[in-house]
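Here is a short briefing on one protein structure. Keep the sequence and the 3D view open as you read.

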Amino acid sequence: MTTAEGATRIVDRLLRPEVRAFVEYAAPEPVEAIAARYGFDPATVLKLDQNENPYGCSPRVQAALASFDQYHIYPDPLARATRTALAEYVGFPPAWIAFGNGSDELIELLLRLTLALGDRAIICTPTFAYYDTAIAAAGGVPLDIPRGDAFQVDVDAVLAAVDARTRVIFVASPNNPTGTVTPVEDVVRLLSAGALVVVDEAYHEFAGQTVAPLVRSHENLVVLRTFSKWAGLAGLRAGYGIMSPHLVSTIYRIKPPYSVNAAAEVAVRASLADRAHLAETIAAVRAERDRLGARLMDLLFLRPVPSAANFILCQLTRGDASLLRQRLEARGILVRYYRTDRLRNSIRFSVGRPEHNDRLLLAIGEIARQEGWL
Ligand SMILES: Cc1ncc(COP(=O)(O)O)c(C=O)c1O
């Protein structure tokens, strides 16, 4: 059949049946499109919607990428030089580190290695949305175990839910979008269930806490990290996992050999060589997170959740979060809006530079006064 409609029907017959129920990722609108809609200069838009680093990457990354002259050569499928550089940073030998195209790729690979059709993976909601998609895409069934009142992992409920078909338990710590850290003791209890426990420490550098040392004694623990947030490399896609050498080599059996590009590797090594600079930007973000959190408390219609990451989630106790998001966008400030059960009437914004946060606070105050929420 040659019609577009006919072609769709043929493809539908070829697709795995469960794929038909999947929904497309709600991709954020490009800054340029938003700026064009409101008639702004895109450079003035304040992007606080994806937990990115307001200080950008290290200047050494720009220099290293500009002088790199091997773009025509395939990268090393085992990323040996980069894993060696990472080994020094994380305190584990290279054989304990898998390097991927963002931590998203490692999430996907771990699920493809562990889930047979219909196997289960536990997620502690509200949490990072991609777990759900990746579990379903791997043929698994996501099981939501809601977090408690302070967004802490409900360890008893997770342990009670583990059954013979449960392969993986995901714990983001600090969690996105709540910023909540899971205590080491809770992770130890989760490990006792025997499933693969994936502790996603995408925001580790902003929190300063890690469960990585436990990887040495627990073969079923994986700690995921990324360069997207602390190192400002979200656009280059670089993430890694710390896990037993056996699991690392199993990952490399199925990983597309060239999924991580040469530029990402160059950038990661340049970032690791400029840790003092990055540490200053992390300290600045942490200080601003605390200042912003305190100032938000003063706005009585907002309830900020204490965060160990580089973003803050706030529930509106008066007013309408969707309207607030819209009004902020009209002023060139992009934030994330949530409306699911636990995150009803909530917004999340990344912590910016001091001047960004001042602009955000001013705008929120003005909008709230105009709408009568104060
Ligand atoms: C908890 C968590 N894990 C993983 C990721 C994805 O990281 P990457 O950019 O390395 O794929 C994010 C990104 O927002 C995240 O919040």
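## Around the ligand

A polar side-chain atom of lysine 229 lies 2.9 Å from an oxygen atom of the ligand. The protein covers 93% of the 400 Å² of accessible area that the ligand has on its own. Keep in mind that this is a predicted model.

**The ligand shell**

- The ligand is surrounded by 13 residues. The closest are Ser103, Asp200, Thr226, Ser228 and Arg237.
- By type, the shell holds 4 nonpolar, 5 polar and 4 charged residues.
- Helix α5 covers residues 102-114. This helix gives the largest share of the shell, with 3 residues.
- Aspartate 200 places a polar side-chain atom 2.5 Å from a nitrogen atom of the ligand.
- Threonine 226 has an N or O atom in its side chain that is 2.5 Å from an oxygen atom of the ligand.

**The sheet of 7 strands**

- This sheet is open, and its strands follow the order β2-β8-β7-β6-β5-β3-β4. The pairing is mixed.
- Which strands stand at the edges? They are β2 (97-100) and β4 (141-144). Each has a single partner strand, so one side of each is left without a neighbour in the sheet.
- On average, neighbouring strands here are turned by 25° against each other, direction ignored.
- Strand β6 (residues 196-200) and β7 run parallel, and 4 bridges join them.
- Aspartate 200 stands opposite leucine 224 in β7. Aspartate 200 is also one of the closest residues to the ligand.

**The sheet of 4 strands**

- A second open sheet has the order β9-β10-β13-β12. Its pairing is antiparallel.
- Its edge strands are β9 (302-304) and β12 (336-338), and each pairs on one side only.
- Neighbouring strands of this sheet are turned by 25° on average, again with direction ignored.
- β9 and strand β10 (residues 311-316) run antiparallel, joined by 3 bridges.
- Leucine 302 faces its opposite number across this pairing, leucine 316 in β10.

**Aromatic pairs**

- How many aromatic pairs does a search of the whole structure find? The search finds 12.
- The cut-off for stacking is planes under 30 degrees apart.
- Tyrosine 89 lies in helix α4 (residues 80-90). Tryptophan 230 lies in the loop between β7 (221-226) and β8 (239-242). The pair therefore ties together parts that are 141 residues apart in sequence.

**Backbone details**

- Two peptide bonds deserve a look in the viewer. The bond from threonine 125 to proline 126 is cis, with omega near 0°. Proline 126 sits in the loop between β3 (120-123) and α6 (130-137).
- The bond from asparagine 176 to proline 177 is cis, with omega near 15°. Proline 177 is in the loop between β5 (166-172) and α8 (184-191).
- Alanine 79 is not a glycine, yet it has a positive phi of about 45°. Alanine 79 lies in the loop between α3 (59-67) and α4.

Conventions. Residues numbered from 1 in each chain as written. Predicted model: local features only at pLDDT ≥ 70, side-chain atom pairs only at ≥ 80, totals over all residues. Heavy atoms only, no water. Pairing = 2+ DSSP bridges. Helix = DSSP H or I, 4+ residues; strand = E, 2+ residues; numbered from the N terminus. Axes fitted to C-alpha atoms, helices over the stretch in contact; angles between N-to-C directions. Near = heavy atom within 4 Å. Polar contact = N/O pair within 3.5 Å; in protein donor to acceptor, adjacent residues only side chain to side chain. Areas by Shrake-Rupley, 256 points an atom, 1.4 Å probe, with all protein chains shown as cover. Nonpolar A, V, L, I, M, F, W, Y, C, P; charged D, E, K, R; others polar. Phe/Tyr/Trp six-rings, centres within 6.5 Å; stacked < 30°, edge-to-face > 60°.
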